[in-house]
Amino acid sequence: MTPELQPNRSIRDSAIAAIILVDGQVDHTTGLYMLREAVRPWPIWCTDSTYADLTLGNPVLRVLAHFCGVDRRRIELDRDFTVDSVENVKWRALPVASKPAPYSPNRESPISGDNLALVITDVVTGRSAVYAPGLAAIDDRLWDAMQRAACVLVDGTFWTDDEMIVLGVSRKRARDIGHLPQSGARGMLEWLGRLPAQTRKILIHINNTNPILDESSAEAATLRAREVEVAWDGMEIVL
């Protein structure tokens, strides 16, 4: 459905050059199974802890190895790296506070590298985007990157901390599973409101319980008033 990802150079081809994982969660890695018929091993960037989770707890990388293969690239925290064939872009991974996958041995005691934010910089313009789909808290290092960025794409999973409890779909709070709610004191909207006026602000990783998905809701109106966008499939970001 996205022509840019399917140039049809050969059977089962894709324009995807590489895969960068910010964690080992199911919703961030299931797509790997759908890419198993590639004609070459996938270059997959991830930290050591995520690699362990995806070869032991949920062995998707071991499964992929039986098909196209895996060309694992190690992510070093707080160090710039580049991706083959992606010109004029540099990446930096920042460790962030959240929760690793339920099958991770670090689930209740997260370690640095279980969850990442990515700072993606256009080396020609010098402008950057911060991508952070899982955030339980915002520390000084991440906040500095967000303030410098032209665009931030951040955790928009839940509107309230007790959202799933109120709806009767879970007994867990947003913060219990590593997500900072948007509303309330020190919530995501409060943080976004402190960013420079010119910063583009986009919520990603929206849970299906979140009322912002209803464009006629009061919560969606609140976002529009604050000039905060909700991501949509096929959205392109130009720095």
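A charge is said to sit over a ring if NZ of Lys or CZ of Arg is within 6 Å of the ring centre and within 35 degrees of the ring normal. Arg40 meets this description, lying over the face of Trp42 at 5.0 Å from the ring centre. Likewise, the charged end of Arg72 sits over the ring of Tyr51, 4.7 Å from its centre.

The model is predicted: local features need pLDDT of at least 70, side-chain atom pairs count only at pLDDT 80 or more, and totals for chains, interfaces and linings use all residues. Residues are numbered from 1 along each chain as its sequence is written, and side-chain values use heavy atoms, with hydrogens and water left out.

Contacts between rings come next. Rings of Phe, Tyr and Trp (its six-membered ring) pair if their centres lie within 6.5 Å; planes under 30 degrees apart count as stacked, over 60 as edge-to-face and the rest as tilted. Across the whole structure, a search finds three aromatic pairs. In one of them, the ring centres of Phe81 and Trp91 are 6.4 Å apart and the planes stand at 15°, so this pair is stacked. It links distant parts of the chain, 10 residues apart, with Phe81 in strand E4 (residues 80-81) and Trp91 in strand E5 (residues 89-95); strands (E, at least two residues) and helices (H or I, at least four) are DSSP runs, numbered from the N terminus. Both Phe81 and Trp91 are buried, that is, under 20% relative accessible area (1.4 Å probe, protein chains only). Together with Trp45, Phe81 and Trp91 form one aromatic cluster.

The rings of Trp143 and Trp191 have centres 5.0 Å apart and planes at 65°, so they are edge-to-face. This pair joins helix H5 (residues 140-148), which holds Trp143, to helix H7 (residues 188-193), which holds Trp191, 48 residues apart. Both Trp143 and Trp191 are buried.

Key. Buried means under 20% relative accessible area, exposed over 50%, partly exposed in between (1.4 Å probe, protein chains only).
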